[in-house]
Amino acid sequence: MFKPSRRTLLRLAAGAMLMPALARAAEVGLARIAASRGLAFGTMIEPRSATGDGAAGQLTAENSGLVTDAQFHWAATTPSPGAETLVNADRMLAWAEHQHLSVRGHALLWHLQTPDWWSRGDAGAPARQALTTHVDKLVRRYAGRISCWDVVNEVVRAGDRADGLRDSPLVRLAGADYVDLAFHTAHAADPLARLACNDYGMEVGSRTGLAKRAAFLKLISRLKAKGVPLTTVGIQSHLDVGLPDFDETGFRAFLREVAGHGVDIVLSELDVTDRTAPMDITLRDQMVADTYRRYLDVALDEPKVSAVVCWGLSDRYSWISDLSLPEHRRTDGAPPRPCLFDQAFQAKPACAAVAAALAAAPVRIGSPI
Ligand code: XIL
């Protein structure tokens with residue numbers, strides 16, 4: 001069980017210190033606080049949390065300048081070759097546009113969302129061709145409406161292959177240069193869209209974490225050297241409460257090195273699992289808030305970080321609240337509290353902490369999103 005630090009206890013005692021930030025967040029919304037520093041702020045949306053629930057939609061609209069529409073996964077949009085079902089994607093996108101939000105599209109290629117028919121070789125065309133058809137179709141269909149695509153998601157895995165790529169049907173069927181191919185195809189389909197490579201686990205300074213960072217940097221460096229149209233790097237930022245294994249210095253240096261490749265950086269899926277925090281809600285919420293604050297203080301110091309996107313704004317619709325995923329379940333059975341707003345959409349200390357971190361971020365000028 002994770003023990004609250006002295007700092008957390010002190011912060012709890014002085015909880016009132018964060019009240020002005022909370023009041024400000026409620027009054028003006030997180031996106032406007034972010035915008036005052038040249039940053040974009042937003043959240044992932046899906047049908048339940050946007051169009052399916054008025055109060056949740058309102059919370060999103062009030063606090064976001066951009067959203068990640070997570071309705072573009074290949075297996076979900078294309079259940080059989082050539083048969084796209086884009087009803088949810090169209091609906092989410094129309095909703096976002098109605099709210100004047102810019103949209104990141106998530107995700108064109110992800111090993112967990114590769115259709116079975118494609119992996120089985122039933123595409124009716126060579127695998128590489130079927131992959132480019134998918135990327136081209138989606139990007140072309142939404143050209144001008146998606147500001148940035150997650151072209152590839154979670155494609156590195158240290159130890160799998162010498163080139164650092166994850167061993168998956170994607171690389172096995174489409175070839176070692178499938179990432180390059182996907183980027184070139186997306187760029188041809190919408191030359192103005194920003195194109196991202198998105199991955200997780202970068203904040204962790206453990207041996208595995210360091211190896212993953214190295215593999216990721218190697219990929220970025222190779223893509224840039226070959227003229228692949230990569231503009232953006234997504235650092236997912238699914239954090240564990242208390243940030244175990246967070247090596248602040250190493251992470252700062254890593255972000256610098258990523259930025260050195262001429263890309264902008266999006267903290268693309270921010271949330272905090274409270275699985276190991278004590279049951280007491282006051283204490284737990286403060287620990288989660290401290291985790292957000294500590295991480296953002298470091299990450300937002302990097303001038304190339306241009307946007308912060310939460311993976312859901314409220315505990316009600318967080319994937320961490322989905323108890324069918326055993327890795328998120330608390331041993332005491334208490335409902336998780338990973339987000340900025342609770343199940344009833346009330347702001348929690350995490351909201352004040354994020355508002356304060358955004359307000360304290362160095363001003364950036366000319367951020368791309
Ligand atoms: C999550 C979704 O939010 C859930 O609805 C789904 O059941 C599992 O995936 N990394 C990613 C996201 O890139 O697509 C994942 O989203 C969370 C981890």
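Student: Is H100 buried or exposed?

Tutor: H100 is exposed, with a relative accessible area of 73%. Keep in mind that this is a predicted model.

Student: Where is H100 found?

Tutor: In the loop between α6, residues 87-98, and β3.

Student: What about its phi?

Tutor: H100 has a positive phi of about 60°, although it is not a glycine. Most residues other than glycine have a negative phi.

Student: Now F345. What is its phi?

Tutor: Positive, at about 65°, and F345 is not a glycine either. F345 lies in the loop between β10 (305-310) and α14 (349-360).

Student: Is F345 buried or exposed?

Tutor: F345 is buried, because its relative accessible area is 16% and the cut-off for buried is under 20%.

Student: Switching to the backbone. What is the peptide bond from H106 to A107 like, cis or trans?

Tutor: That bond is cis, with omega near -10°. Most peptide bonds are trans.

Student: And where is A107 found?

Tutor: A107 is in the loop between β3 (102-105) and β4 (109-110).

Student: On to the ligand. Which residues surround it?

Tutor: The ligand is surrounded by M44, H73, H106, W110, N153, E154, Q236, H238, E269, W311 and W319. H106, from that cis bond to A107, is on this list.

Student: Which pocket does the ligand take up?

Tutor: The space taken by the ligand is the largest pocket.

Student: What polar side-chain atoms lie by an oxygen atom of the ligand?

Tutor: N153 has one 2.8 Å from a ligand oxygen. W311 has one 3.0 Å from a ligand oxygen.

Student: And what does E154 do with a nitrogen atom of the ligand?

Tutor: A polar side-chain atom of E154 lies 3.3 Å from a ligand nitrogen.

Student: How much of the ligand's accessible area does the protein cover?

Tutor: On its own, the ligand has 420 Å² of accessible area, and the protein covers 70% of that.

Student: Last one, D285. Where does it lie?

Tutor: D285 lies in helix α13, which spans residues 281-299.

Student: Buried or exposed?

Tutor: D285 is buried, with a relative accessible area of 7%.

Student: What is D285 in contact with, leaving aside neighbours within four places in sequence?

Tutor: R337, K348 and P349.

Technical notes:
Residues numbered from 1 in each chain as written. Predicted model: local features only at pLDDT ≥ 70, side-chain atom pairs only at ≥ 80, totals over all residues. Heavy atoms only, no water. Helix = DSSP H or I, 4+ residues; strand = E, 2+ residues; numbered from the N terminus. Buried < 20%, exposed > 50% of the residue type's maximum accessible area, 1.4 Å probe, protein only. Contact = heavy atoms within 4.5 Å. Near = heavy atom within 4 Å. Polar contact = N/O pair within 3.5 Å; in protein donor to acceptor, adjacent residues only side chain to side chain. Areas by Shrake-Rupley, 256 points an atom, 1.4 Å probe, with all protein chains shown as cover. 1 Å grid on protein atoms, 1.4 Å probe; cavity = no way out; pocket = protein on both sides within 12 Å on 5 of 7 lines; lining within 4 Å. Sits in = over half its atoms within 2 Å of the grid points.
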